[in-house]
Amino acid sequence: MRLRLFDLPEIEPSQAVGFAGNIIDRLSEKRSDDATERALTEPEARIMLLGKGRVHLFLEDGARPRAFFQSGEIARFEPLLHEAVLLGRQDQRPLLAAVTATDPDMLPEPFKAIDYRSVYMQGLLPPDELGALAQAAALIAWHENHRYCGRCGMLTEMRAGGYKRVCPHCEAQHFPRTDPVAIMLAVRGDRCLLARSPHFAPDMYSCLAGFIEPGETIEAAVRRETREETGVPVGRVAYHASQPWPFPYSLMIGCHAEALSDEIVIDRSELEDGRWFERGEVLAMLDRTHPQGLMTPPPGAIAAHLIRSWAES
């Protein structure tokens, strides 16, 4: 039977990864320069608080952790509302994010500041709020890293609800960026290529990954990174899914890659180890039943989805 253009899985693969559940109406065509100020005046406004790579959560026994707060609940945390960003609207409410001046280690009970990765790993927030966190964290990080004009060096000013910075001196406009990263599972027959970096958790193996360079296609980046890190040439490349990754503002672009050789030459400056794994061994790693305790990344990671989609195909 001939496949049609949109004969795809019923559930879009990208919807199953962590940080991808954002359902906020971003209002991208309606962001006036005073959009944040006007949103903060609405009684229904809800604000997410961030600081030093952590998000403030309300953690009360028996209650679901809460990441959004009314304006009257957050004064004690000294939020820098003049630098707040407007995420958009959800359920008729404006949602915003702001940095706080309070030391995240000094929050009163039952509030706690938890790093983004732990929030995701521990499943502390539902998918939509985890997606909102990815949007908020990426925007906040971009503003923290781009306060000064890249053209003349002057301090810039936030505009359009946090989606633009303008230089008052040379009038240059600067917009939030997303860094594309190719992450790929190279496969050859009933085997796949997995590797580990020195910073990985013990016994964890994952896909190869690397930043896409200027003027480079996704497919070219997959081939280049695979060959640079393992010496394995790649033929065909097939896109699978993507994942927002707020560390600090990346987009992981997941692909399967057709390996054209069995020979591996590891780049030891990048990787600690890398080798071929049989399908049955990979399934055991996914299910945490490998006899040697080897494992893949956690279920919400796009690497785990790339690996499982191949292993179970």
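Which residues lie nearest the centre of the largest pocket?

**View 1. The largest pocket and the residues nearest its centre.** In this predicted model, Arg 117, His 199, Phe 200, Trp 245 and Met 252 are the residues that lie nearest the centre of the largest pocket, whose lining is made up of 36 residues. The space in this pocket comes to about 970 Å³. By class, its lining comprises 22 nonpolar, six polar and eight charged residues.

**View 2. Elements that supply the lining of the largest pocket.** At least two lining residues are supplied by each of the helices α2 (116-121), α4 (218-230) and α6, and likewise by each of the strands β10 (179-188), β11, β12 (208-211), β13 (234-245) and β14 (250-259). Among the contributors, β12 gives the most to this lining, with four residues.

**View 3. The second largest pocket.** The volume of the second largest pocket is about 390 Å³, and 20 residues line this pocket, with Arg 26, Ala 134, Gln 135, Ala 138 and Thr 178 lying nearest its centre. Two or more lining residues come from each of α3 (127-145), β13 and β14, and the largest share, six residues, belongs to α3. Divided by class, the lining of the second largest pocket holds 13 nonpolar, five polar and two charged residues.

**View 4. The largest nonpolar core and a separate one.** The largest nonpolar core contains 54 residues, of which Met 48, Leu 87, Val 119, Leu 133, Leu 185, Leu 194 and Val 282 touch the most other members. Helix α3 gives the most to this core, with eight residues. Another core, of 19 residues, lies apart from the largest one and includes Ala 182, Leu 193, Ala 195 and Ile 212.

**View 5. The surroundings of Leu 185.** Leu 185 is one of the residues that touch the most other members of the largest nonpolar core. When residues up to four places away in sequence are not counted, Leu 185 touches Cys 192, Leu 193, Leu 194, Cys 207, Cys 255, His 256, Ala 257, Leu 306, Ile 307 and Trp 310.

**View 6. Helix α5 and its cover.** Within helix α5 (residues 279-286), the buried residues are Arg 279, Val 282, Ala 284, Met 285 and Leu 286, and Val 282 is also among the residues that touch the most other members of the largest nonpolar core. The cover over the buried residues of α5 includes the strands β11 (191-196) and β15 (273-278) together with helix α6 (302-311). Just after α5, Arg 288 adopts a positive phi of about 60 degrees.

Definitions and conventions. Residues numbered from 1 in each chain as written. Predicted model: local features only at pLDDT ≥ 70, side-chain atom pairs only at ≥ 80, totals over all residues. Heavy atoms only, no water. Buried < 20%, exposed > 50% of the residue type's maximum accessible area, 1.4 Å probe, protein only. Contact = heavy atoms within 4.5 Å. 1 Å grid on protein atoms, 1.4 Å probe; cavity = no way out; pocket = protein on both sides within 12 Å on 5 of 7 lines; lining within 4 Å. Points joined across faces, edges and corners; volume = space filled by probe spheres on them. Nonpolar A, V, L, I, M, F, W, Y, C, P; charged D, E, K, R; others polar. Core = buried A, V, L, I, M, F, W, Y, C linked by side-chain atoms within 4.5 Å.
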